[in-house]
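Hello,

Here is the structure I promised to pass on. Have a look at it first, and my notes follow below.

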Amino acid sequence: MSELNREQLRASRADTGVSLVIAGAGTGKTRTLVEKATGVIRDLKMDPEGLLMLTFSRKAAGELRERVAAGAGVRARAIGVGTFHSFCLDLLRRHEAAFLEQRGASRFPAVIAAEEREAVMRGLIQRELPRFLGLPAGIVYGLASGKGPLDPWKRDRLAKTGLAAQLSLLERQFEEIKRERNLIDYDDMMECALSLLAVDARVRAEELARHRFVFVDEFQDVAEDNIRLLKLLLPDSGGNLFAVGDDWQSIYGFRGADVGYIVRMREHFPGVEVHRLDVNYRSRREIVSLTNRFIRRNRFRTAKRLRSHRGKGGVVLFHVARDFEREAEIIQGILAGLREGLTVAVLYRNNWQGRYIRERLGADEPGRVSFMTMHASKGLEFDCVIVAGICDGVIPDPDSGIEEERRLLYVACTRARDELHIIAHLNEREEVGRFGRELGIQGENN
């Protein structure tokens with residue numbers, strides 16, 4: 001991809017206001033965001049220090065900073081780029097006096113890392129394990145740390161067994177430990193920043209003056225607190241916000257992400273101008289056609305139809321396995337038939353599948369094949385992708401919403417540039433599972 005296409009040009013033109021770019025897989029969303037920021041600096045003569053770019057990982061933030069700096073010819077550190085959490089921590093440090101006064105503390109708190117948080121929580125659980133009805137500590141920690149909404153059945157079960165009350169007590173105990181040790185975790189960073197902006201008019205006024213234009217990458221992953229923060233960083237009327245994302249790739253509901261914010265953007269930001277990028281520069285037409293048909297089964301989504309810029313010439317092959325051992329044999333056969341020099345990934349729903357596959361394949365394949373979960377593959381691309389373990393109970397996972405599970409499989413399949421292999425498992429009725437049928441796989445290799 002050399003020149004910007006018509007949709008990218010329209011979305012990235014240097015103007016003000018609130019814009020949302022709904023960008024399909026492989027459509028160049030990051031390039032469009034970078035071009036928008038470059039234009040704002042170059043054509044609107046905006047000081048790079050007035051730009052704030054927010055995303056969800058430190059790696060993505062670093063890449064954004066360097067690409068904008070290269071495109072606009074400015075110093076990378078002049079642009080405010082970071083994760084939502086790192087931005088909130090920086091905000092609290094910039095307004096330390098107001099924060100400490102609100103917190104009722106005499107010194108700035110230390111940050112408790114995610115690993116330390118888990119260790120403290122597990123220690124509390126282990127200390128009084130019998131009150132959690134014999135559940136393993138890992139299960140209890142997972143319930144206590146879950147951010148996504150529980151389905152009604154699970155919520156009811158937790159209440160009836162008394163576990164809901166015990167989990168609430170566990171949370172209060174952890175909060176007390178943080179107070180005693182003067183610690184804050186990632187959730188606290190966000191909540192404290194939100195509180196300071198909402199309560200202290202001077203702090204909010206300074207932040208509004210500091211950040212003239214706000215950019216958000218991976219907007220499909222925002223949660224309620226992210227939206228609250230964005231609204232506080234924009235004036236009550238007007239303001240400049242440029243967000244890019246793809247609701248079809250929203251796969252972090254278990255972390256609290258809510259796909260509704262991108263699908264119903266106009267409800268939260270009235271007057272938003274919506275653009276769509278629908279030219280896929282990554283995958284061949286056969287792969288784009290299959291994934292288009294599959295994701296259209298989701299009811300709660302934006303309407304778009306991706307087109308392949310690269311045209312025909314892709315390979316999509318379905319394979320059927322009776323068990324995981326046979327699946328490993330199929331994967332080994334596929335890998336053996338690939339020509340040298342291709343980038344290859346084997347993707348699966350859960351880590352235990354990856355361990356099983358790698359054990360069966362032996363040590364010959366770590367050097368030239370990437371093994372990873374579907375979640376970990378987000379944002380990557382490979383010449384050839386092998387999607388393993390398509391069966392009910394694995395994907396779709398019964399503990400996750402069906403539409404999010406469908407989006408997860410969509411993400412996995414759209415990592416492929418030229419060749420896509422999908423392995424489905426037969427059940428006791430000699431049939432493939434739900435997603436296998438939706439993809440068009442029959443009860444035999446086809």
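In the protein chain, 80% of the contacts (heavy atoms within 4.5 Å) between residues at least 6 apart in sequence join residues at least 24 apart. Please keep in mind that this is a predicted model, where local features need pLDDT of at least 70 and side-chain atom pairs count only at pLDDT 80 or more, while totals for chains, interfaces and linings use all residues. Residues are numbered from 1 along each chain as its sequence is written, and side-chain values use heavy atoms, leaving out hydrogens and water.

Along the principal axes, the C-alpha atoms fill a box of roughly 65 × 65 × 40 Å.

Of the 446 residues, 52% count as buried, meaning under 20% relative accessible area with a 1.4 Å probe, protein chains only.

Now the interior. A nonpolar core here is a set of buried Ala, Val, Leu, Ile, Met, Phe, Trp, Tyr and Cys residues joined through side-chain atoms within 4.5 Å. The largest one has 42 residues, and Phe219, Leu229, Leu230, Leu241 and Phe269 touch the most other members. Helix H10 (residues 186–199) gives the most to this core, with 7 residues; helices are DSSP runs of H or I, at least four residues, numbered from the N terminus. Leaving aside residues up to four places away in sequence, Phe269 touches Val18, Ile227, Leu230, Lys231, Leu234 and Leu241. A second, separate core of 31 residues includes Tyr252, Met372, Ala416 and Ile422.

Best wishes

Methods:
Buried means under 20% relative accessible area, exposed over 50%, partly exposed in between (1.4 Å probe, protein chains only). Helices (H or I, at least four residues) and strands (E, at least two) are DSSP runs, numbered from the N terminus.
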